[in-house]
Amino acid sequence: MARMRKKADLPSKLCKACGLPFTWRKKWERDWDNVLYCSERCRRNPSANGTAR
């Protein structure tokens, strides 16, 4: 069985839509290079979430 990793040791990226950092998830294991958005909401509406800060 694989050893547990600390969350701080996992890779992270910045969301293309909102700019917030998000970390690797098990469900993205095979497709991590293609993941661009932190959530389904950001993926659906990238222009509305982007620069509203």
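The legends below describe close-up views of a predicted model.

Residues are numbered from 1 along each chain as its sequence is written, and side-chain values use heavy atoms, with hydrogens and water left out. Local features need pLDDT of at least 70 and side-chain atom pairs count only at pLDDT 80 or more, whereas totals for chains, interfaces and linings use all residues.

**View 1. Order of the elements in the chain.**
The chain holds two helices and two strands, which run β-β-α-α from the N terminus on. Helices (H or I, at least four residues) and strands (E, at least two) are DSSP runs, numbered from the N terminus. Of contacts between residues at least 6 apart in sequence, 19% join residues at least 24 apart; a contact means heavy atoms within 4.5 Å.

**View 2. Confidence along the chain.**
The average pLDDT, the predictor's confidence in each residue from 0 to 100, is 86 for the chain, and 85% of the residues score at least 70. Strand S1 (residues 12–14) has the highest confidence, at 95, and helix H2 (residues 46–49) the lowest, at a mean of 71. Where pLDDT is low, the predicted coordinates should not be read in detail.

**View 3. The largest nonpolar core.**
Of the 53 residues in the chain, 19% are buried; buried means under 20% relative accessible area, exposed over 50%, and partly exposed in between (1.4 Å probe, protein chains only). Ten residues form the largest nonpolar core: Cys15, Ala17, Cys18, Phe22, Trp28, Trp32, Val35, Tyr37, Cys38 and Cys42. A nonpolar core is a set of buried Ala, Val, Leu, Ile, Met, Phe, Trp, Tyr and Cys residues joined through side-chain atoms within 4.5 Å.

**View 4. Cysteines around Cys15 and Cys42.**
Cys15 is buried, at 4% relative accessible area. Beyond its neighbours within four places in sequence, Cys15 contacts Leu20, Phe22, Leu36, Tyr37, Cys38 and Cys42. With a disulfide taken as a pair of cysteine sulfur atoms within 2.5 Å, the count is zero. The cysteine sulfur closest to that of Cys15 belongs to Cys18 and is 3.6 Å away, so the two are too far apart for a bond. Cys42 is likewise in no disulfide, with the nearest cysteine sulfur, that of Cys38, at 3.7 Å. Cys42 is also buried, with 5% relative accessibility.

Ser39 lies in the loop between strand S2 (21–23) and helix H1 (40–44) and is partly exposed, at 29% relative accessibility. A polar atom of the Ser39 side chain is 3.2 Å from the backbone nitrogen of Cys42. From Ser39 to Phe22 the C-alpha distance is 9.2 Å, across 17 residues in sequence.

**View 5. Pro21 in strand S2.**
Pro21 is part of strand S2 and is exposed, with a relative accessible area of 59%. Apart from its neighbours within four places in sequence, Pro21 touches Lys13 and Leu14. Its C-alpha atom is 7.7 Å from that of Cys38, 17 residues away along the chain.

**View 6. Lys26 and Glu29.**
Lys26 is in the loop between S2 and H1 and is exposed, at 58% relative accessible area. The side chains of Lys26 and Glu29 are joined by a polar contact of 2.9 Å. A polar contact is a pair of N or O atoms within 3.5 Å; within protein, one must be able to donate a hydrogen and the other to accept it, and residues adjacent in sequence count only if both atoms are side-chain atoms.
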